[in-house]
Amino acid sequence: MSNASAHRGGGSRATWEISLGEFLAQSVHRNPDKVYLQIAGQRITYQEFYSRVKRTASLFQGMGVGRGDRVCLFLPNVPEFHYCWFGLSLIGAISVPVNVAYRRDESAYIFDNAGAKAVVAHTSLLSVANPAADISPAVTQRIVVRTSPSGEAPSGEAPVASPPTADQAEDLFEGWTDFSEAMSGARKLAELPDISPEEISMLVYTSGTTGNPKGVQVTHLMYVAAGQGFAHWTEATSDDRFFTCLPFFHANAQYYSTMGSLAAGATLVVAERFSASRFWEQVRSAEATVVNFIGMMMPVLAKQPEGDMDRTNNVRLFYGSPAFSPEFLVAFQERFNTDIIVGFGMTETCYGSIEKIGHPRRPNSSGQPRTHPDARFSNEIRIVDDEGEPVANGQPGEITIKNPAIMPGYWRNREQTDLALVDGWLHTGDLGWQDGDGFLYFVDRKKDVIRRRGENISSQEVEDVIKRHPTVLDCAVIAVPSELGEDEVKAYVTPRPPESIDPESIVYWCSENLAYFKVPRYIEVREELPRTPSLRVRKDLLRQEKEDLIEGCFDREEAGIRLR
């Protein structure tokens, strides 16, 4: 009996109340010889995957990593990410993925805030991981993964960092243990601890209204429920082939592609990154049947030149967010001979809302509250006002969610936890409304967060970097509409007298200090910014100044600046 069941006084436990180790063992038992993971030219069966996970658990045991210890995973889409994640979960340790686009200070913040005992980094990222680990006192073990997923840049746009020279590379490896060599010499796995499903499996850092990211504590139970739910929502079977080109360090690929394929006994096919020009070639080669997307992917694919092969694919279903217009959905589904369902979810809980396959859809809706195949799982969505009181159907307010698979809180951040979790309800910080049948309609973000190409960006963090530029006196960063369906980043900057501001210098300054996706696309130089009596910048006035917020702005894409 699990600790969770014992805590409730015994009785049969719910199907989602198991640890990741138990969940994985069940999946392996059902399909030991079936290919589970297809990545970087490798075809790894369920049994082979489980064996490597257990050897990885043994490796960490031998390094003194134990229950509750945090290990940062600074890795692109390579199989070692999964070996580490599940291996650490077997021994009760906690994985901490790090965005591969992060620079030294951004990575060091995660290492330090998590109190990471060890760092596992890809060889292509050592020039960042080394100095970040050097200034993080808790890090005592460093492990390097040398295998290459595809020879391409990590997920998203190409990173700014240049590859090290041969001499520099030799220095970078000093003090690092080779993952493959350590795996081959790993001792026999010691007896595994009894893991409660309510223990933490991973800290997933997500940006909010403050300058530093918050670590969402994701439990074993949350991952198991997510996988069971996703297989249920997509009507997946062991015949399905899930395809993802999204990064492993995001909860999206973890909750849905990874856990969903395990729950269904399906095969997971992984690409290193999203490429519009290669996407359908990859999907056809993978014989993919279910594809998970983020918002920017769909408009980009729709803008690709039409071809004779557009309808030649096996994809029966796309799932993702946000909601699209009915016209866009019809055109996309007809052109590519597939179906799309959308939903609303977040790292703090993937149980928001979702559309149902084959059911009539409501225009611009994200569907109804998600259900679990176990009827004992209750999921509710409630729209509330600023005082936390429910509002009438059709009235906008904050989206709140209540179910068994909600995070227990943010890591070492009681203040933000208390704001997010109130009487068992998760306050999402997003605005929406529901109709009389419980369909959810997303309106806007209540938080001052910019969402660009699947990434959450704190405007304050970008502002703090720009303000350090020697010619800048002050700045304000806001979201402006993107032609790809999400946001672009715009910075208003005022010069430090008697200096003048070169927008290109701001771009390069940001690229040296921020991940590529945080670098502003648009820059507008202003003599002054509108302010409150307390001298806070009035961003609301900036957003309302004119209909076209990018008119007359410097545009780094038009200027031909590529972030490499």
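**Figure 1. Isoleucine 135 and its contacts in the predicted model.** Isoleucine 135 touches Arg104 and Ala108, leaving out residues up to four places away in sequence. The model shown here and in the other views is predicted. Isoleucine 135 sits in the loop between α6 (126-134) and β6 (141-145). Tyrosine 109 is 26 residues from isoleucine 135 along the chain, and the C-alpha atoms of the two are separated by 9.4 Å.

**Figure 2. The whole protein.** The protein has 17 helices and 27 strands. The protein is as compact as a globular protein of its length, because its radius of gyration of 23 Å is close to the 24 Å that the globule rule gives for 564 residues. Taken along the principal axes, the box filled by the C-alpha atoms is roughly 70 × 65 × 55 Å. Buried residues make up 58% of the 564. When contacts between residues at least 6 apart in sequence are considered, 71% join residues at least 24 apart. The accessible surface comes to about 23100 Å², and carbon and sulfur atoms account for 47% of that surface. The protein carries 57 positive and 75 negative charges, and the mean positions of the two sets are 4 Å apart.

**Figure 3. Glycine 295 in the loop between β12 and α12**. The strand β12 covers residues 290-294 and the helix α12 covers residues 297-302, with glycine 295 in the loop between them. Glycine 295 is buried, with a relative accessible area of 1%. Apart from neighbours within four places in sequence, the residues in contact with glycine 295 are Ser321, Pro322, Phe324, Leu484 and Glu486. Alanine 225 is 70 residues from glycine 295 along the chain, and 24 Å separates their C-alpha atoms.

**Figure 4. Helix α15, residues 459-466**. This helix is mostly covered, with 6 of its 8 residues buried. The buried residues of α15 are Ser459, Glu461, Val462, Glu463, Val465 and Ile466.

**Figure 5. Leucine 419 in helix α14**. Helix α14 spans residues 414-420 and includes leucine 419. Leucine 419 is exposed, with a relative accessible area of 55%, and the cut-off for that label is over 50%. Between leucine 419 and glycine 409 the C-alpha to C-alpha distance is 10.0 Å, and the two residues are 10 apart in sequence.

**Figure 6. Cysteine 72 and cysteine 84.** A search of the whole structure finds 0 disulfides. Cysteine 72 is in no disulfide, and the nearest cysteine sulfur, which belongs to cysteine 84, is 12 Å away. A disulfide is a covalent bond between the sulfur atoms of two cysteines. The cut-off used for such a pair is a sulfur separation within 2.5 Å. Cysteine 72 is buried, with a relative accessible area of 0%.

**Figure 7. Cysteine 553 and cysteine 475.** The cysteine sulfur closest to that of cysteine 553 is in cysteine 475. The two sulfur atoms are 14 Å apart and therefore too far from each other for a bond. Cysteine 553 has a relative accessible area of 14% and is therefore buried, the limit for that label being under 20%.

Methods
Residues numbered from 1 in each chain as written. Predicted model: local features only at pLDDT ≥ 70, side-chain atom pairs only at ≥ 80, totals over all residues. Heavy atoms only, no water. Helix = DSSP H or I, 4+ residues; strand = E, 2+ residues; numbered from the N terminus. Rg over C-alpha atoms; globule rule 2.2 N^0.38 Å. Buried < 20%, exposed > 50% of the residue type's maximum accessible area, 1.4 Å probe, protein only. Contact = heavy atoms within 4.5 Å. Areas by Shrake-Rupley, 256 points an atom, 1.4 Å probe, with all protein chains shown as cover. Lys, Arg positive; Asp, Glu negative; His and termini not counted. Charge placed at Lys NZ, Arg CZ, Asp CG, Glu CD.
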